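Please keep the sequence and the structure in view while reading.

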Amino acid sequence: MAENVRLAFQGIWSHKMRSFLTMLGIIIGIASIIAIVSTIKGTSEQIKENLIGSGNNTVEINLYEGDSEYDVEYGGSSYIPLITEERMEEVLELEHVENATFYYSRSYASSIYYQDTSFSGGSIYGIDLNYLDTCGYQVQSGRGFVQEDYDEFRKVALVDSNAAENIFPGESPLGKTIEIGSEPYVVVGVVKLDEDYQPDISTLSEYDEYYESIMGSVMITTACWPVSFTFDEPLNAVIRADSTDNMSSAGTAAASVLSEVIDNDTYGTNFTYKAEDVMEQVKNLQQLSESTNSQLLWIASISLLVGGIGVMNIMLVSVTERTSEIGLKKAIGARKNWILAQFLTEASVLTSLGGIIGVILGIGLSRIVSEVSGAPTAISIPAILGSVAFSMLIGLVFGLLPSVKAANLNPIDALRSE
């Protein structure tokens, strides 16, 4: 085998220009495939990051009444399922759940006042001690909530950076008193998400969510929530999974645990907790992107077919040129298998070299595409290895006919060819 490889390189080097032109179809095909696969992978990762958030891995779990999300401001049900401390602990102990938080939420409506001015359009939350850490908030100034705030029912509040700008333009919100549900609260801290997120807006509900986010959020403790609102409002939850891939399973498991507190049969209700299936949205968008790009892969594969035909053609020429050499080798005892292996090796080495050059060119091409178009790319190691192996397979397939022709030459006829 080593001798066959040496002879293959010797033959390629002896006809450098011809060999390069033969490899050109393979090079272009492999480079195109690497560039397209890198773009597909990069786009898929970008879709996942845009929807989920880099490193966040949080899943929202909300209460539903039938097929609609329950809105406490319009619900009016006589029975509200309450989540006990035991259920909260059970959720925290679930597999793949790193952290969990339970909170109340409403829109601003006309519930927040500062210096006789009301504010609407944002959100107000009643949060526990885990909320900031689970949802990825950092304290910008002031402080977060501490256990004493809950134990002593302190009327303190946090505002995010957007709410700070909208409610307290040009001044520090720290120490200022705002009115929430007719109760005074002192702002003790300003918080901000670790990373800004600008979503794509294509529906009215997405616009509403985005509008609330830019208007900002105000947070008070869960202990003081009943003081400003009511006692029987249901809690929602957010869990943080240990990895992106486990988000769906962890969210489903947590929703199942929370739904166990609901006794729909006794009260004739139709409540249930459901986890936001972000991964399903990711998969749908990724499949749409990949189905479009797969068509490009088929087009790029055509050049590999053309390259394979070129390899077959040049190997047939090589057999014709070396007929007397083949006859001489067979005359001194070379077997058909040895001749077959020699020409198959030469074809495989030729296409493998083309594959390696194509991989290098494809990586460079993907970088150029990323710089020029701004499209994300991610190099796929399996795609690289598969491309080289595929190029070698092309050499074996398309080099088989010339190799068989060489192996079947009659030694006497081959020697007479001169």
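## Cysteines and the basis of the model

Cys-224 has a relative accessibility of 1% and therefore counts as buried, where buried means under 20% relative accessible area, exposed means over 50%, and partly exposed lies in between, with a 1.4 Å probe and protein chains only. Cys-135, at 13% relative accessibility, counts as buried too. A disulfide is a covalent bond between the sulfur atoms of two cysteines; here it is taken as a pair of cysteine sulfur atoms within 2.5 Å, and by this rule the count is 0 disulfides.

The model is predicted, and local features need pLDDT of at least 70, side-chain atom pairs count only at pLDDT 80 or more, while totals for chains, interfaces and linings use all residues. Residues are numbered from 1 along each chain as its sequence is written, and side-chain values use heavy atoms, with hydrogens and water left out.

## Nonpolar cores

In soluble globular proteins, nonpolar side chains tend to be buried together. A nonpolar core is defined here as a set of buried Ala, Val, Leu, Ile, Met, Phe, Trp, Tyr and Cys residues joined through side-chain atoms within 4.5 Å. The largest such core has 45 residues, and those touching the most other members are Phe-102, Ile-178, Ile-180, Val-218 and Ile-239. Helix 9 (residues 247-259) gives the most to this core, with 6 residues; helices (H or I, at least four residues) and strands (E, at least two) are DSSP runs, numbered from the N terminus. Another core, of 16 residues, lies apart from it and includes Tyr-103, Phe-145, Val-156 and Val-191.

Leaving out residues up to four places away in sequence, Ile-178 touches, among others, Tyr-113, Phe-168, Pro-184 and Val-218, a contact being heavy atoms within 4.5 Å.

How many residues of strand 11 are buried? In strand 11 (residues 217-221), 5 of its 5 residues are buried. Ser-217, Met-219 and Thr-221 point one way from the strand, whereas Val-218 and Ile-220 point the other way. In a regular strand the side chains alternate between the two faces of the sheet.

Two strands pair if DSSP finds at least two bridges between them. Strand 6 (residues 123-127) pairs with strand 11 in the parallel sense over 5 bridges, and Ile-124 has Val-218 as its bridge partner. Strand 8 runs antiparallel to strand 11 and is joined to it by 3 bridges, with Val-159 standing opposite Val-218.

## Helix 14

Helix 14 (residues 381-398) has 18 residues and reaches 26 Å from its first C-alpha to its last, close to the expected 26 Å, which is 1.5 Å times one less than its number of residues. Its buried residues are Ala-383, Ile-384, Ser-387, Ser-391, Ile-394, Gly-395 and Phe-398. Seen down the axis of helix 14, these buried residues fall within an arc of 125°, so they line one face of the helix; the arc is that of the directions from the helix axis to the C-beta atoms. On the other side, Ile-381, Pro-382 and Leu-385 are exposed.

Most residues other than glycine have a negative phi.
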